[in-house]
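Thanks for opening the viewer. Let's take a short walk through this fold, one selection after another.

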Amino acid sequence: MPRTYVITGAGSGIGAVTTDLLRRAAATVVGVDLRGADVTADLSTAAGRSTAVADVLTATDGRIDAVIACAGISLPIPTTVAVNYYGATEFLEGLRPALAASDAPRAAVISSVSSLQPNSAELVEALLSSSEAEATAIAEELAADPRRGGLIYASSKRAISRWVRARAVSPEWAGAGIPLNAVAPGVVTTPMTAGMLTAPESVAFVDAAVPMPLNYHQPPEAIAHLLIWLTSPENTHCAGQTMYCDGGSDVVLRGEDAWAWADARVGERFGQMRAGQAAAQA
């Protein structure tokens with residue numbers, strides 16, 4: 001029986017390409033977008049997200065095998081956090097109960113290599129732990145300052161990667177057998193990036209911020225294929241990861257050692273385990 005996928009941002013870019021590839025493979029896909037999709041929805045508002053969830057459940061008769069949250073914008077405005085963070089997290093949580101009923105439920109969301117770039121720690125923490133109104137207020141302050149508005153997009157992507165990492169191992173997701181992951185693209189040639197890739201000066205700036213030594217700028221298919229694998233039955237144990245499909249940008253930006261920062265924490269955990277074993281044997 002064909003799997004049923006729900007894809008946000010299905011009207012253009014990565015979402016549109018992913019939708020097309022899945023339909024060619026005979027999957028059933030319900031696309032969600034502001035226009036040009038099966039379900040018309042505005043994910044920038046709480047009401048729009050709630051309506052989107054209800055309309056998707058109606059369109060699928062409540063039977064969903066995978067959700068891929070691709071919808072996103074990159075403008076230095078508060079709406080960016082509304083779409084990129086809440087438009088993904090609330091939509092995924094709204095469909096989680098239906099997902100859990102599948103024999104092979106899967107979920108994935110688009111992050112970005114920008115999750116590694118300068119961001120607003122205050123906004124990231126607010127997105128993860130405060131109300132949407134509080135996070136929006138911080139984003140409005142950032143947007144009012146031309147020097148800091150650019151932090152909004154990176155903050156939304158850092159927050160979504162952290163949300164995925166935290167929620168993926170929870171009883172509601174891992175406990176229900178639902179692998180939850182993120183994919184972080186580099187510079188993808190889509191309508192969203194077209195304006196940045198026209199003038200030589202802006203291309204040079206983009207390439208300095210997102211160096212891609214492997215194959216340079218990537219087509220949306222490079223991300224779509226990874227999203228499809230992550231949400232396929234073949235992915236049984238990959239959970240909580242932000243997979244940097246970015247031409248090597250992550251390695252250039254973070255260096256070859258992306259582990260040492262956590263050595264002390266892991267060592268402490270193993271120390272506690274050994275102490276517990278020793279106490280049990282005493």
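At roughly what angle do the axes of α1 and helix α9 cross? Keep in mind that this is a predicted model, then select residues 220-230 for α9 and show α1 alongside. The two axes come within 9 Å and cross at roughly 60°. The crossing of α1 past α9 is right-handed.

Now display the side chains at this contact. From α1, pick G13, I14, V17, T18, L21 and L22; from α9, pick P220, E221, I223, A224, H225, L227 and I228.

Next, bring up the strands. An open sheet of 7 strands runs in the order β3-β2-β1-β4-β5-β6-β7, with parallel pairing. Go to its edges: β3 (39-40) and β7 (242-245) each have a single partner strand, so one side of each lacks a neighbour in the sheet.

Zoom in on β3 and on β2, residues 28-33: the two pair in the parallel sense over 2 bridges. Here V32 sits opposite V39 of β3.

Return to α1, residues 13-24, this time with the sheet in view. α1 packs on the sheet and touches β1 (4-8), β2, β4 (66-69), β5 (106-110) and β6 (180-185); the directions of α1 and β1 make about 165°.

For the last stop, select residues 151-168, helix α6. This helix also packs on the sheet, with β5, β6 and β7 as its contacts, and its direction makes about 155° with that of β6.

Key: Residues are numbered from 1 along each chain as its sequence is written. This is a predicted model: local features need pLDDT of at least 70, side-chain atom pairs count only at pLDDT 80 or more; totals for chains, interfaces and linings use all residues. Side-chain values use heavy atoms; hydrogens and water are left out. Two strands pair if DSSP finds at least two bridges between them. Helices (H or I, at least four residues) and strands (E, at least two) are DSSP runs, numbered from the N terminus. Contact means heavy atoms within 4.5 Å. Axes are lines fitted to C-alpha atoms, for helices over the stretch in contact, and angles run from 0 to 180 degrees between N-to-C directions. A crossing is left-handed if the near helix is turned anticlockwise from the far one by less than a right angle, and right-handed if clockwise.
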